[in-house]
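Visitor: Hi, I have this one open on my screen and would like to go through it with you. Could we chat about a few spots in turn?

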Amino acid sequence: MEPAIGKPSFFRNILVRLLLFGVFIIIVRFAYIVIITGESCNRGDFCFFSLPENLNLVIANAGPSVSAIFGSDAVSRPNNPRLDLYTSKDWIKAVNYYSSVFQDLISQGYLSPNSKSLCVETPGGQEVFALKEIGVEDSIGIFKKKSKPLVISGEGHRIPFANNTFDFIFSGGARLDKSARPLEFASEITRTLKPEGFLVAHVKAKDKYSFNSFLDLFNSCELVKMRHIDGFDSSLPYIREIVMKKKSEIPEHGDNNPGGDSDNKCTVAEHKRDLIRNAEALITEEPLKPWITLKRNIQNIKYLPSMVDISFRSRYVYVDVGARSYGSSIGSWFRKQYPKQNRTFDIYAIEADRTFHEEYALKKKVTLLPYAAWIRNETLSFEVNSDPTHPGLEDVKDKGRGMGRIQPKMSTGDVVDGEVDEIQGFDFAEWLKNTVTENDFVVMKMDVEGTEFDLIPRLFETGAICLIDEIFLECHYNRWQRCCPGQRSTKYEKTYGQCLDLFSSLRESGVLVHQWW
């Protein structure tokens, strides 16, 4: 007969389970404090051990400049769970690299032991540690996930410090190149940097275009020095080190006349002229079969992003003036063929023909402006040819629809050869100035059935032309007709020579324009 199990065994099982549950709660709390929040274990509430106050740890084989001293100082005492990180080869290599960089900056007078310093977007805090090792004690880093005691929570576009706080700000690892908000990133650095303080940034900026785009972000600073140096590792073999100084007097930001003077004329930078010199040549001789020649020419186009790095721009914008259907150029060409360097573009489709409006309601990330681009705000007549002859249209709806052309509002009794609608025209140049800025990267395609001879001069007149980086322009003239050999189209009065003058004036003004078909 089996002996009965006594009550002591029952109570013992209950106590063991309670004890295990308590241990589980303590472990979870400990993990939360140390791993999730990044706090020190020296809290006393759920931690049962802490680092000795006078513990000294010297990193092996790192040299005297990289000895990690963990004492009572809050910033030089890393948490025990992170000791493996602070003694790793990668950590030591990074600290040595940045120590050398900062020592050079001290010798050149851009940094001093008394500088209140900030390292922006530093995940592990190696730059902060290196600053402290060379004697710049008042240093801190920010990253979206804090890594105490060297790094607190913050981001480049949202720095958690007051205006004019720091004497020295450092942005390494080409992190400004990778930022999705470079203008906000730069504005926050400028805001928190003291007047006469120094910014040092390590960026790729591989060409003149991207270098100047970087400088344009910091209109409150002046360039002090630029040099090429070896990068930290193989992922960044070489970088540009740019030193900038915040001006004591900050320029006003209310000027909405970007890149121009009081006469709305653009100042063309030399790096933009270099781009135009490297672009494909214009077709100077009038083609006998323009529907073939101009279509083939698209294969020769040197797109701006294929020639330069388009980093350091605030937004990326594509404006399709005379968009017609979505598949006419936005879907079939821009989204599939235009090189975007992994940038997301805001797309605006400007199309007055009501036939195409409905389909844009189903297209995400495309803003439709259902009006006619014009030189002022007024009501216009929109005439659609009953016999479309425009070549190259691939969209099914396009094939059965003539090309629309705007003109001043018609009077009763005017004879027209096609369908006429009354539409609203808007001042395209003013809209552009209110929609984009000089820090944006703006690409435009314009196919407006002859209205380009009104719109382009208006862009020059208002200075809005300064805002456009690249234009794909179809110029309409009395071309040879495809249907009728030896006969010119009577639809347009302009000549090929006048179109060529229009293209040349754009390139001479620093705008990279391509002949569209």
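Visitor: Is Tyr371 buried, partly exposed or exposed?
Guide: This is a predicted model, and in it Tyr371 has a relative accessible area of 38%, so it counts as partly exposed.

Visitor: Where is Tyr371 in the fold?
Guide: Tyr371 is in the loop between strand S10 (366-369) and strand S11 (372-374).

Visitor: And what does Tyr371 touch?
Guide: Leaving out residues up to four places away in sequence, Tyr371 touches Ile350, Glu351, Ala352, Gln424 and Phe426.

Visitor: Let's go to the inside. Which residues have the most contacts within the largest nonpolar core?
Guide: Those are Phe428 and Leu459, in a core of 71 residues. Helix H16 (residues 496-508) gives the most to this core, namely six residues.

Visitor: What are the neighbours of Phe428?
Guide: With residues up to four places away in sequence not counted, Phe428 touches Val319, Val321, Ile350, Ala373, Trp374, Met444, Met446, Leu455 and Leu459.

Visitor: Which residues of helix H15 are buried?
Guide: In H15 (residues 452-462), the buried ones are Glu452, Phe453, Leu455, Ile456, Arg458, Leu459 and Thr462. After H15 comes Gly463, with a positive phi near 85 degrees.

Visitor: How many salt bridges does the count come to?
Guide: The count comes to 24 salt bridges. Another of them joins Asp440 to Arg315, with the closest N and O atoms 3.6 Å apart. That pair also links distant parts of the chain: Asp440 is in the loop between helix H14 (428-435) and strand S15 (441-446), while Arg315 is in the loop between helix H10 (304-307) and strand S8 (316-321), 125 residues apart. Asp440 counts as buried because its relative accessibility is 2%, whereas Arg315, at 23%, counts as partly exposed.

Visitor: What about Glu188, which partner does it have?
Guide: Glu188 forms a salt bridge with Arg191, the closest N and O atoms being 2.8 Å apart. The two are three residues apart in helix H6 (residues 182-192), so about one helical turn separates them. Glu188 is buried at 14% relative accessible area, and Arg191 is partly exposed at 24%.

Visitor: New topic: helix H3. How far apart are its end C-alpha atoms?
Guide: They are 27 Å apart, which agrees with the 27 Å that the 19 residues of H3 (residues 89-107) should span at 1.5 Å a residue. Buried residues in H3 include Trp91, Tyr97, Tyr98, Phe102 and Leu105. Just after H3, Gly109 takes a positive phi of about 90 degrees.

Visitor: And the surface? Which residues make a nonpolar patch there?
Guide: Phe10, Phe11, Ile14, Leu15 and Leu18 make a nonpolar surface patch of about 540 Å². Phe11 is in helix H1 (residues 7-36).

Visitor: One more residue. Is Glu359 buried or exposed?
Guide: Glu359 counts as buried, at 18% relative accessibility. Its place is in helix H12 (residues 357-360), and Glu359 touches Ser325 and Tyr326, not counting residues up to four places away in sequence.

Visitor: To finish, how many helices and strands does the chain have?
Guide: The chain has 16 helices and 17 strands. Of its 517 residues, 49% are buried. The chain exposes about 25900 Å², and carbon and sulfur atoms supply 52% of that.

Conventions. Residues are numbered from 1 along each chain as its sequence is written. This is a predicted model: local features need pLDDT of at least 70, side-chain atom pairs count only at pLDDT 80 or more; totals for chains, interfaces and linings use all residues. Side-chain values use heavy atoms; hydrogens and water are left out. Helices (H or I, at least four residues) and strands (E, at least two) are DSSP runs, numbered from the N terminus. Buried means under 20% relative accessible area, exposed over 50%, partly exposed in between (1.4 Å probe, protein chains only). Contact means heavy atoms within 4.5 Å. Patches are made of residues with over 30% relative accessible area and no salt bridge: like charges are joined within 9 Å, nonpolar side chains (Val, Leu, Ile, Met, Phe, Trp, Tyr) within 5 Å. Accessible areas come from the Shrake-Rupley method with a 1.4 Å probe; for residues, only the protein chains shown count as cover. A salt bridge is a side-chain nitrogen of Lys or Arg within 4 Å of a carboxyl oxygen of Asp or Glu. A nonpolar core is a set of buried Ala, Val, Leu, Ile, Met, Phe, Trp, Tyr and Cys residues joined through side-chain atoms within 4.5 Å. The expected span of a helix is 1.5 Å times one less than its number of residues.
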